Amino acid sequence: MKKIRAHHLICFSRHHDTGWYSKDYEKNFKAIFKDIIKNPNQKIKIKRDCEDICKKCPYVKNKTCNKPSKYKINHWVKVMDNKTLRLIKIKPDTIHTAKELLKLVSSKITNKDLRNICKGCEYLPNCLRLGINKSVKKIIK
Ligand code: SF4
């Protein structure tokens, strides 16, 4: 079963293949995204710490996010996770289908919420401009 931290559900729902932290990170993210789109009924455990996406990220160290930022990023990513969980009304460490989770983030999280949750993320302008990913739209309709 995949483990995904809450705010990465937003990254999936707004995935547009623009900008990556490293080649390994990109390869891993795309493989997980592709598998989720192919098998939307698979179960996912929701996390508030480093998980299957972070494990190939150049910023992960000792299972903690160390991405440099003007915010204290490990604290900040947890805030992002908490804000996401509050909006979609899901508790950490619970298990849901990928389809259910993508439906929730796509319908409950608006551009206004995104500006608040993803403040400081370099990919935010693209996520705001391009909206929900086409493949995600297909599986949640
Ligand atoms: S930047 Fe931090 S939260 Fe994002 S994938 Fe990398 S380690 Fe995980």
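This is a predicted model: local features need pLDDT of at least 70, side-chain atom pairs count only at pLDDT 80 or more; totals for chains, interfaces and linings use all residues.
## Helix α1

Let's move to helix α1, which covers residues 6-13. Of its 8 residues, 7 are buried, so the helix is largely enclosed by the rest of the structure. The buried ones are Ala6, His7, His8, Leu9, Ile10, Phe12 and Ser13.

## Helix α4 and its buried face

Helix α4 spans residues 98-108, and its buried residues are Ala98, Leu101, Leu102, Val105 and Ser106. Looking down the axis of α4, you would find these buried residues within an arc of 125°, so they line one face of the helix.

Lysine 108 also belongs to helix α4. With 14 other C-beta atoms within 10 Å, lysine 108 is partly exposed; the cut-off for a buried residue is 20 or more. Setting aside residues up to four places away in sequence, lysine 108 touches Leu87 and Ile88. For a sense of distance, lysine 108 and glycine 19 are 89 residues apart in sequence, and their C-alpha atoms are 25 Å apart in space.

## Where α1 meets α4

How are these two helices arranged? They pack at an angle of about 80°, and their axes are 9 Å apart. Angles of 65 to 115 degrees count as roughly perpendicular, and α1 and α4 are therefore roughly perpendicular to each other.

On the α1 side, the contact is made by Leu9, Ile10, Phe12 and Ser13. On the α4 side, Leu101, Leu102, Val105 and Ser106 take part. Sorted by class, the residues of this contact are 6 nonpolar, 2 polar and no charged.

## Histidine 16, beyond α1

Histidine 16 sits in the loop between α1 and α2, the latter running over residues 23-38. Is histidine 16 buried or partly exposed? It is partly exposed, with 14 other C-beta atoms within 10 Å.

Leaving aside neighbours within four places in sequence, histidine 16 is in contact with Asn126, Leu130 and Asn133. Histidine 16 and alanine 6 are 10 residues apart in sequence, with 18 Å between their C-alpha atoms.

Most residues other than glycine have a negative phi.

Asparagine 62 has a positive phi, near 50°. Its place is in the loop between β3 (60-61) and β4 (64-65). Asparagine 62 counts as exposed, with 6 C-beta neighbours inside 10 Å.

Aspartate 93 has a positive phi too, of about 70°, although it is not a glycine. You can find aspartate 93 in the loop between α3 (73-88) and β5 (95-97). Aspartate 93 is exposed, with 9 other C-beta atoms within 10 Å.

Methods:
Residues are numbered from 1 along each chain as its sequence is written. A residue is buried if 20 or more other C-beta atoms lie within 10 Å of its own, exposed if 12 or fewer, and partly exposed in between; C-beta atoms are placed from the backbone. Helices (H or I, at least four residues) and strands (E, at least two) are DSSP runs, numbered from the N terminus. The arc is that of the directions from the helix axis to the C-beta atoms. Axes are lines fitted to C-alpha atoms, for helices over the stretch in contact, and angles run from 0 to 180 degrees between N-to-C directions. Angles under 35 degrees count as roughly parallel, over 145 as roughly antiparallel, 65 to 115 as roughly perpendicular and the rest as oblique. Two residues are in contact if their C-beta atoms, placed from the backbone, lie within 7 Å. Ala, Val, Leu, Ile, Met, Phe, Trp, Tyr, Cys and Pro count as nonpolar, Asp, Glu, Lys and Arg as charged, and the others, Gly among them, as polar.
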